[in-house]
Amino acid sequence: MFCYQCEQTTRTDSGNGCAMAKGVCGKDQVTADLQDLLIYGIKGIAQYARRARGFGISDREADGFILYAMFTTLTNVNFNPARFIAMIQEAARLRDRIKARYEEAARDRGTAPEVLNGPATWQPVDDMDGLLAQTASAAVTAGREQVGDDIVGLRAMILYGLKGVAAYAHHAHVLGYESDELYTRFEEILDFLAGDPTDAEALVDQALAVGQLNLKALELLDAANTDSFGHPEPASVRMTPVKGKAILISGHDLKDMAALLEQTKGMGINVYTHGELLPAHGYPKLRAYPHLVGNYGGAWQDQTREFAEFPGAILMTSNCLVEPHPRYRQRIFTAGPVGWPGVRHIANGDFSPVIQAALAFPGFQEDGPEQTVTVGFARNAVLGVADKVVDAVKTGAIRHFFLIGGCDGAAPGRNYYTDLADRVPEDSVVLTLGCGKYRFNRHEFGAIGGIPRLLDIGQCNDAYSAIQIASALAQAFNCGVNDLPLSLMVSWFEQKAVAVLLTLLSLGIRGIRLGPSLPAFLTPALLEQLSARFDLKPITTAEADIEAALHRA
Ligand code: SF4
Ligand code: SF3
């Protein structure tokens, strides 16, 4: 096992990466190796899919499978080896199908099909021991002795960025939104990786291409969400319990959320959001369900304690899942890409087992005290008051915008983001997205001329909204995004944040502060390169970074 895809990876003097029997996230060696093999198998699909497209052949089942399967390998998504074994076999089946169609089309046109190597020829064996014996060439560090850490790090950055793109595109896909252009580019980049590239410049170009691709995925997802559920509107969300039976739904998936609300209609069960589903309350079509009563709990890393105290059923629709404690293992369920061995999985969208579990547990015995937060400041809501915002900047009422966006995690250095939000001067606005905000979103921020000082744009999935808001402001001020009084403080944890970071870089955005620690796959040489080109900087202290942001040249 070797994995360094997330921020909490093991860091030692002799090298960074989770390499022992278990990663910090709880992923064991077998699962980690199977995930590497699955990625290897997916590259094999892409090698043929890309060539088949040259003959006008595409395979939507394979395209969708690639997104879903890559999503399962994100941090804190799926820990179930049995699911990975099944997906590895499925990857080989899909690859062989596309291969046959490609070779037939080539022969029909009188050309010799290309003879491919690497993942294209890999034959996964049936048994676990045999499979695990095949992991060497699939490891993320394969070839390190020959090509060195910089090249391996660049390949990893591309792969991890693609995993993030896959997650966003999968959420769009389940709502019926797909794009051939996206699939084509996605598979081209995977095919590029399958060739074990060694040219550093080409690798950097492809990493930025992943950023551009991610922008497409985010745009597609924005359309899927807003077409399906309406544009988010500012909404006050109850943060405390309501008496009665209860289901907690966590993750990012709005389709599962809508289905659960529909299936629990009129049953006397209250539904609560958790984690990245908090922004769901802003969507008019989800908010319309009266039994969507509020949000429960805070940051994902607090779930062991908070889930144990939740007196109902729990449904995980995507990251972040941590090992379910026996106190709630009987009443937690997974859906979509998520999995944990022994935890019941809902594969068909029928949440009856979740509902039965909720009815079997006591629910909340009394109402909690009133406490609310406001969500729903996605692009439509913010741009609806753009004139007011622009005026406030022109008159000096708003001095600066701090976008504190990205993930949360258990690292102690993450207090920086709370500190930052609390220390932002009174005449400046904090924009949030992603789950990092749970550390401070219950604090009191007040308003500037009727504009709340804390504007929550939504999930990390809503990064498109943030980009649209920044572009619209730049347009209003007739300048570039880099010239706006806006500082981006990105807290990264998992691979979706890698994808978003690559998107921001590909848009030419400079001066991003990244923390709490820098990615382990970025070597000192790569960091130097990114700093020189994009002025990418590590965080320092909240005080110093605010000062630097306010007084930048
Ligand atoms: Fe380690 Fe993160 Fe990989 Fe888990 S996902 S094994 S914590 S690097
Ligand atoms: Fe969070 Fe896990 Fe990334 Fe969607 S839920 S931002 S870490």
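Modeller: Let us begin with a cut-off: a residue is called buried when its relative accessible area is under 20%, and exposed when that area is over 50%. Please keep in mind that this is a predicted model.

Biologist: Why is D408 called buried?

Modeller: The relative accessible area of D408 is 1%, and because the limit for buried is under 20%, D408 is counted as buried. D408 belongs to the loop between β11 (400–406) and α15 (415–423).

Biologist: What makes the link between the side chains of D408 and Q301 a polar contact?

Modeller: The distance joining those side chains is 3.3 Å, and a polar contact asks for a pair of N or O atoms within 3.5 Å, one able to donate a hydrogen and the other to accept it. The side chain of D408 also makes a polar contact with the side chain of R439, at 2.6 Å. Beyond its neighbours within four places in sequence, D408 is in contact with several residues, among them W300, R414 and F493.

Biologist: How do you know that strands β17 and β18 pair?

Modeller: Two bridges join β17 (residues 513–515) to β18, and because pairing needs at least two bridges, these strands count as paired. They run parallel, and the bridge partner of L514 is P538 in β18.

Biologist: What makes β15 and β18 edge strands?

Modeller: The open sheet has six strands in the order β15-β12-β11-β16-β17-β18, with parallel pairing, and β15 (454–458) and β18 (537–538) each pair on one side only. Helix α15 packs on this sheet, where it touches β11, β12 (428–433), β16 (486–491) and β17, and its direction makes about 155° with that of β16.

Biologist: Which strands make up the open sheet that contains β4, and how is it paired?

Modeller: That open sheet has six strands in the order β6-β5-β4-β7-β8-β9, and the pairing is parallel. Its edge strands are β6 (292–295) and β9 (344–346), while the twist averages 30° from one strand to the next. Five bridges join β4 (residues 245–250) to β5 (residues 269–273), with V271 in β5 as the bridge partner of I247.

Conventions: Residues numbered from 1 in each chain as written. Chains lettered and ligands numbered in written order. Predicted model: local features only at pLDDT ≥ 70, side-chain atom pairs only at ≥ 80, totals over all residues. Heavy atoms only, no water. Helix = DSSP H or I, 4+ residues; strand = E, 2+ residues; numbered from the N terminus. Buried < 20%, exposed > 50% of the residue type's maximum accessible area, 1.4 Å probe, protein only. Contact = heavy atoms within 4.5 Å. Axes fitted to C-alpha atoms, helices over the stretch in contact; angles between N-to-C directions.
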